[in-house]
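Hi everyone, thanks for having me.

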Amino acid sequence: MQDPGEKSLNALVATLTTTLWPTTYAFATLKNEADLPPLSEVQLLFRETEGITIITSMDYAKSHQLNYFFPCKMITLNVTSSLEAVGFMAVVATELTKLNMGSNPVSGFYHDHLFVPEGREHEAVEILDKLAKSWAARSM
């Protein structure tokens, strides 16, 4: 399979658009695989020494009495970045740092996603839009 992703930092940032998803998510860690929710309820899972970290909807976390953290919104970065791209997430994270906003980036095969604090998602989308416009203007 050929890498479908873009490696050029300039192209990635200058063409960046975002999708803000309406679901509120949360992070939780489960000790036993038997406690995992159905795959349809999991946005991400990652095995760590401490257990299996999942990102699931707040609705699911609350209704199943999970010990959850970081209520957040997911923003998809609508550029297909190569897994070998250098600096893209660093540029994005630096912009969010200017807002004193932590984020949890997750890279999928086709897109990168940001989990940002609930209530600050519109700030994040706005600054990323400005970032893309400024890089696009520099490229002209």
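First, some housekeeping. This is a predicted model, so local features need pLDDT of at least 70, side-chain atom pairs count only at pLDDT 80 or more, and totals for chains, interfaces and linings use all residues. Residues are numbered from 1 along each chain as its sequence is written, and side-chain values use heavy atoms, with hydrogens and water left out.

Okay, the layout. The protein chain has 4 helices and 6 strands; these are DSSP runs, with helices being H or I of at least four residues and strands E of at least two, numbered from the N terminus. Starting at the N terminus, the order reads α-β-β-β-α-β-α-β-β-α. The C-alpha trace spans about 55 × 40 × 25 Å along its principal axes.

How much of the chain is buried? Of the 140 residues, 37% count as buried. Buried means under 20% relative accessible area, exposed is over 50%, and partly exposed is in between, with a 1.4 Å probe and protein chains only.

There's also a UniProt annotation, from an unreviewed entry: "domain: DUF2241", covering residues 4-73. Such annotations may be inferred rather than shown by experiment, feature names are shortened, and positions are given in the numbering used here. Over residues 4-73, the chain is 17% helix and 47% strand.

Now the strands. Which strands does β1 pair with? Strand β1, residues 18-30, pairs with β4 in the antiparallel sense over 7 bridges, and T19 has T76 in β4 as its bridge partner. β1 also pairs with β3, residues 51-57, again antiparallel, over 6 bridges; there, A28 stands opposite I54. To count as a pair, two strands need at least two bridges found by DSSP.

Next, some backbone angles. Most residues other than glycine have a negative phi, and most peptide bonds are trans. Q65 has a positive phi, near 50°. Q65 lies in the loop between α2 (58-63) and β4 (68-77), and is exposed at 73% relative accessible area. F70 has a positive phi too, near 55°, but F70 is found in strand β4 and is partly exposed at 26%.

On to salt bridges, meaning a side-chain nitrogen of Lys or Arg within 4 Å of a carboxyl oxygen of Asp or Glu. The whole structure has 6 of them. One joins K7 and E84, with the closest N and O atoms 3.0 Å apart. K7 lies in the segment before α1 and E84 in the loop between β4 and α3 (88-98), so this pair ties together parts that are 77 residues apart in sequence. Compare K130 and E126, whose closest N and O atoms are 3.2 Å apart: both lie in helix α4, 4 residues apart, about one turn of the helix. K130 is exposed at 51%, while E126 is partly exposed at 47%.

Last stop, the surface. Which residues make the nonpolar patch of about 500 Å²? They are M1, L83, F109 and Y110. Patch members have over 30% relative accessible area and no salt bridge; like charges are joined within 9 Å, and nonpolar side chains (Val, Leu, Ile, Met, Phe, Trp, Tyr) within 5 Å. M1 is found in the segment before α1 (9-14) and counts as exposed, at 85% relative accessibility.

Conventions. Areas by Shrake-Rupley, 256 points an atom, 1.4 Å probe, with all protein chains shown as cover.
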